[in-house]
Amino acid sequence: MGQDEMLRLLAEAEATGMSRAGFLQRLAAAGLAVPTVAGLAGGLAGPAGAASATKTAATARPIPGPPWKGGKKGGVGSVGWPDKTVTYDPPLAYDLGGYYGLANFYRGLLYFDAKSNPQLDLAESMDISSDGKRYRFKLKKGITFHNGREMTAKDFKYSLERSSSKQIGSWVGGFLGSVQGHAAFASDKAKQISGIKAVDKYTLELRLTKPDVTIPGVLAIPPFFVLPQEDVKRLGKQFVSNPVGTGPYKLQKWDKSGSRYQAVRNEDYVYGKSLPYFDELDWQWNVPETLEYLRAKAGKLDATGGNLANAPSIVAQLRAKKDKNYAEWGSFNLQWFELNTKQKPFDDVRVRQALNYAVNKKRFESLLIKPTGHFFPPNLLGYNAGLDTYEYDPEKAKSLLKAAGVSGLDLTVPILGGGTGRPEQLLQQDLKQVGINVKLVRDQASVYDLGSKLAAKYPLWFKGWGMGLPDPSELVASLIGTGAPSNYSGWGNATIDKLGSQATAITNRGRRGSVYAAIEKQLMRDAPFIFIGVSTWVTYHSDRLQNFGWEPVLYEHWDRFWAR
Amino acid sequence: MSVTVSPAETYSFGDDAEKPAAGRRVDVALLAGGLIVGFFLACAIFAPWIAPHDPDFQQADGLDGIAPWSPFHSHYLLGTDELGRDYLSRLIYGARVAMLIAIVPNALVLAVATLVGVTAGYAGGKIESVLMRFTEMAMVLPAFLLALALIAVAGSSLGVVVLALVIVSWTYAARVVYGEVLRIREATYVEAARALGAKGPRIVFRHIIPQLRGLLITYFTLNAAFMVLTEAGLGYLGFGIQPPTPSWGAMIGSSRDLLFWPWLIILPGLCLATLGIGFYLLGEGLQRRIGPRIHGARL
C-alpha cells in the first residue's frame with residue numbers, strides 16, 4: 001500500500017467515523033504488516049481509546065493540486081480575462097484575472113486539489129494536536145522567493161498577520177479569527193497575532209482559542225500565500241503590479257496600457273523538475289468573453305478565463321456543435337435574491353416563502369444558472385440533495401400571500417452594477433402572476449458597493465457570491481450568520497449562529513456535514529432569500545492546449561497546462 | 001409676401017415663398033421621409049392592435065433550451081430575444097419610445113430655444129448678452145456626458161430621460177433661433193409695426209414668431225433624428241428607458257454579449273437607422289419647401 005493510498009484511507013476513516021477495528025481490517029486487507037498496522041491504529045482516536053498528543057494529519061504528497069499527465073515543456077501559454085486586473089497583492093486581489101492568477105506567482109502552506117481538498121504544498125507536514133487547538137507546520141527547506149532569498153517560518157507569520165490586519169482590510173481579515181490574539185491584532189490593540197509563532201526557521205505554529213477544522217482550507221487560499229516582507233515594504237504601492245512570491249512563474253513585464261503581463265518560468269520553483277510546462281505566460285485582461293472565445297477559436301489565445309455563460313449565444317452554438325474544446329463546470333458561485341427582512345411585508349416568513357413558491361427557478365436555466373433551489377452548491381459539505389426546497393407553485397404562493405394579508409404589492413427592484421437585468425426580468429414576470437408588481441430601476445452601484453445601504457433603498461435585490469473558501473463555514477461567516485459582513489438582509493437566526501460556531505470545531509467530516517445540512521434546512525424554512533441555484537462556468541480552449549481543466553476554487557492551474 | 005428693402009436684397013417668407021408650379025416633380029426626399037416617419041408613427045399609435053404578442057411576456061416556448069427562436073419561425077416572425085419575448089412585438093412597441101422621444105423632448109427643446117432666442121434677439125442689450133453668453137457656456141459642455149451624469153444622479157425614469165435630452169439639446173436650437181430673430185427684427189415691416197406704436201410683445205407674437213414657423217418645423221424634424229439616436233445611445237449604456245419596456249437602443253445594448261444571435265442587434269439597429277434617415281429626409285424636404293430664404297435660396 002503506497003503512501004497515497006494510506007492517506008486516502010486515513011481521510012476516509014475520519015470522514016466516515018470508521019472504527020479502529022474497521023480501519024485495521026482495511027489495512028490488513030491491503031497487505032500491511034501487523035506491527036505497522038497496530039502502530040498506526042494507535043494514532044486514531046477511537047471511542048474508547050486515549051488519543052496520542054498529536055497526530056500527523058498529513059505528510060506531503062509529491063506535488064499538490066489537480067492531476068496532470070504527459071506534457072512537454074516550452075512555449076507561451078495565453079489566456080484572457082474580462083475584468084480589469086487591479087492588483088496582484090494576495091489579500092487584496094478580487095477581480096477574476098487578478099485573484100485567479102495569484103497561484104502563478106505565489107504559493108502557501110497548502111494547496112487545493114481538483115476536488116477542493118487542501119493538500120500540503122510548501123509545508124512538509126502538518127501536525128494537529130488531539131484537542132484540535134494547535135497546528136504545527138514543518139516547512140520544506142531550500143524554497144526561495146523570486147528574489148532569491150530562502151523562505152522561512154517568519155515569512156509565513158508576516159504574511160498571515162498582514163492578511164488579517166486592519167490596515168490591509170482584506171475580505172479574509174477574519175478568517176483566522178480562531179487564532180489566539182487575532183481579535184486584539186485585528187482591532188489594532190496588538191502589534192502581532194500572538195497565536196502565530198515561528199518556532200524555528202522551518203517550523204510554524206498556530207495556536208487556537210478553540211478547535212477549528214477550517215484552518216487547512218483557509219491556509220490553502222491565495223490571500224494567505226507567503227510573501228517576502230522586504231519586497232513588500234520596498235515596493236510599497238508598486239507591489240500590486242510587481243508580485244514576488246515562491247510560485248511557478250515570475251513576472252517579466254507588466255504592460256498596464258496593453259492590459260497584459262508576461263511571466264516567465266521560475267527556474268527555482270520547488271517543483272521545477274516537473275512544472276510548470278510553459279516557459280512563459282501571456283496574461284491578458286479587459287477582454288470581453290465574446291472576444292476571448294473568438295481569439296481562442298482562432299488560436300490567438302489558449303483559453304478563456306472568463307465565464308462564457310455570460311455570452312449565452314456562444315454557449316448555445318458550442319452545445320449545438322458539441323465542440324470538443326468547450327466544457328461546462330459546476331461552480332461554487334451562488335445566485336439568489338436577498339430579501340429585506342426588516343421591511344414589511346418581508347418580515348413575515350409566509351410572504352418570503354410565497355415568493356419562493358412564486359418563482360419558477362427552471363427558467364433561470366436560460367441564464368446558465370443551475371436551478372437547484374438550494375443555497376449551498378452541490379458538492380459542498382452539508383449539501384443535502386434530499387432537502388425539501390420550494391417547488392414552483394404559484395397557487396400556493398397566492399394562498400400564502402392571502403394568509404399574510406398581502407395583496408396588490410408594488411415593489412421597486414434594482415438592476416445593480418451594470419447587470420444585464422435578466423434575472424430581475426425573470427423575477428418580475430413570475431411575481432406578476434401572483435399579483436406582485438415589480439418596477440425595475442437601474443442602479444449603477446454594485447450590490448457590494450451598496451452593502452448595508454441596500455436595505456434602506458430596496459425591498460430585494462439579486463446577488464451572486466463566488467466562494468473563495470470551499471467550506472460552508474464561509475457562507476455562515478460571510479452571508480447567513482447574524483450580522484455577517486455580507487448579510488444585507490437584516491435577518492439572523494440564533495440556531496444557525498450556534499450551529500455554525502459549533503461546526504468549525506467538529507473534526508468528523510460526516511458529523512460536520514450533518515450540522516451544515518441542518519443549517520441549510522433552517523435557512524430554507526426561514527426563507528430570507530429567494531433561492532435560485534449556482535451558475536455554470538463555461539470554458540473554451542484552443543486546439544493546441546493540453547491537460548486543460550477547471551475547478552471551482554482556483555479555476556485554471558496554468559502551471560500544468562501545456563501546448564501540443 | 002415679398003418686400004424689397006434694398007436694391008440688392010429680397011426676403012421671402014413662409015408658404016407663399018414657393019408654391020409648387022405646374023409640372024414640378026414631387027420632392028422625393030419629402031415623400032420618402034414622410035412615408036418612413038409615418039410608418040413608424042403608425043406602429044407607435046397602433047402597436048396594441050398590430051403587435052402579435054405582448055412585448056414584455058417571456059413566452060414559455062420562446063426559448064429552445066437556452067437558445068431563442070431565430071427569425072422566420074412560424075410562431076415568432078422575427079424570432080424571440082434571450083428571455084423568449086417576441087421580437088417583432090418588441091420592435092413595434094419600441095417605435096412608441098422612439099416617437100415619444102422624437103416629439104416630446106424635441107418640442108420642449110424648441111419651446112426653450114424659442115423663448116431664449118427670441119428674447120435675446122429682440123431685447124438686445126444686456127439681456128441679449130447675458131442670455132447668449134449663458135447659451136454659449138452651456139454649449140461647450142459635453143452633451144452626452146451631461147445627460148449621463150444627470151440620469152446617474154436623478155435616476156433613469158422616462159421623465160428624467162426627457163429632461164436630460166432637453167437640457168443637452170436646447171443650446172444649438174437657441175442659437176439658430178437667435179440668429180434668425182436678429183435678421184427678422186430689422187425687417188421693414190417690423191419697423192413699420194414699431195412706428196405704428198406696436199409694443200414689444202405684440203411685435204414678437206404677431207410678426208416675429210410666425211416667421212420662425214418654417215425654421216422651427218424644419219429644425220424639429222432634423223433634431224428628431226438626433227433625439228432618437230441620443231436616447232438609443234443612453235439606452236445602449238443602460239441609462240435610458242428601463243426594462244422590460246422595449247426601446248431599440250436598450251435592445252441593442254442588452255444584446256451586445258449575444259453576438260451569435262445577430263438579429264437581436266441588427267433588427268433594432270435597422271429600425272433606428274431607418275427612422276433616422278426618414279427624419280433627415282423629411283427635414284431636407286421641408287427645408288426646401290418652407291424654410292426661410294434669402295435671394296430665393298433656402299437658408
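User: How many residues does each chain give to the contact between A and B?
Analyst: In this predicted model, chain A contributes 25 residues and chain B contributes 20 residues.

User: Which elements of chain A give two or more residues to that side?
Analyst: They are α10 (289-297), α11 (312-321), α14 (422-433) and β16 (436-443) of chain A.

User: And which gives the largest share?
Analyst: That is α11(A), with 6 residues.

User: What's the side of chain A made of, by class?
Analyst: Where chain A touches chain B, 12 residues are polar, 9 are nonpolar and 4 are charged.

User: Switching to confidence. What's the average pLDDT of chain A?
Analyst: The average is 90, and 89% of the residues of chain A score at least 70.

User: Where does pLDDT stay under 50 in chain A?
Analyst: Over residues 31-52 of chain A. The model has 23 contacts beyond four places in sequence for that stretch. Where pLDDT is low, the predicted coordinates should not be read in detail.

User: OK, sheets. What's the strand order in the open sheet of 4 strands in chain A?
Analyst: The order is β14-β18-β13-β17 of chain A, and the pairing is antiparallel.

User: Why is one side of β14 and of β17 left without a neighbour in the sheet?
Analyst: β14 (369-370) and β17 (460-466) of chain A stand at the edges and each has a single partner strand, so one side of each has no neighbour in the sheet.

User: How many bridges join β14 to β18?
Analyst: There are 2 bridges between β14(A) and β18(A), the latter being residues 529-540, and the two strands run antiparallel.

User: What stands opposite Lys370 of chain A there?
Analyst: A:Val534, in β18(A), stands opposite A:Lys370.

User: Now Gly405 of chain A. Where does that lie?
Analyst: A:Gly405 is in the loop between α13 (394-403) and β15 (409-416) of chain A.

User: Buried or exposed?
Analyst: A:Gly405 counts as exposed, because it has 10 C-beta neighbours inside 10 Å, and the cut-off for exposed is 12 or fewer.

User: How far apart are Gly405 and Pro90 of chain A?
Analyst: A:Gly405 and A:Pro90 are 50 Å apart in space, C-alpha to C-alpha, and 315 residues apart in sequence.

User: Last topic, chain B. How many helices and strands?
Analyst: Chain B has 10 helices and 6 strands.

User: And how much of chain B counts as buried?
Analyst: Of its 299 residues, 42% count as buried.

User: What about contacts in chain B between residues at least 6 apart in sequence?
Analyst: Of those, 67% join residues at least 24 apart.

Terms used: Residues numbered from 1 in each chain as written. Chains lettered and ligands numbered in written order. Predicted model: local features only at pLDDT ≥ 70, side-chain atom pairs only at ≥ 80, totals over all residues. Contact = placed C-beta atoms within 7 Å. Nonpolar A, V, L, I, M, F, W, Y, C, P; charged D, E, K, R; others polar. pLDDT = per-residue confidence, 0-100. Pairing = 2+ DSSP bridges. Buried ≥ 20, exposed ≤ 12 C-beta atoms within 10 Å, placed from the backbone.
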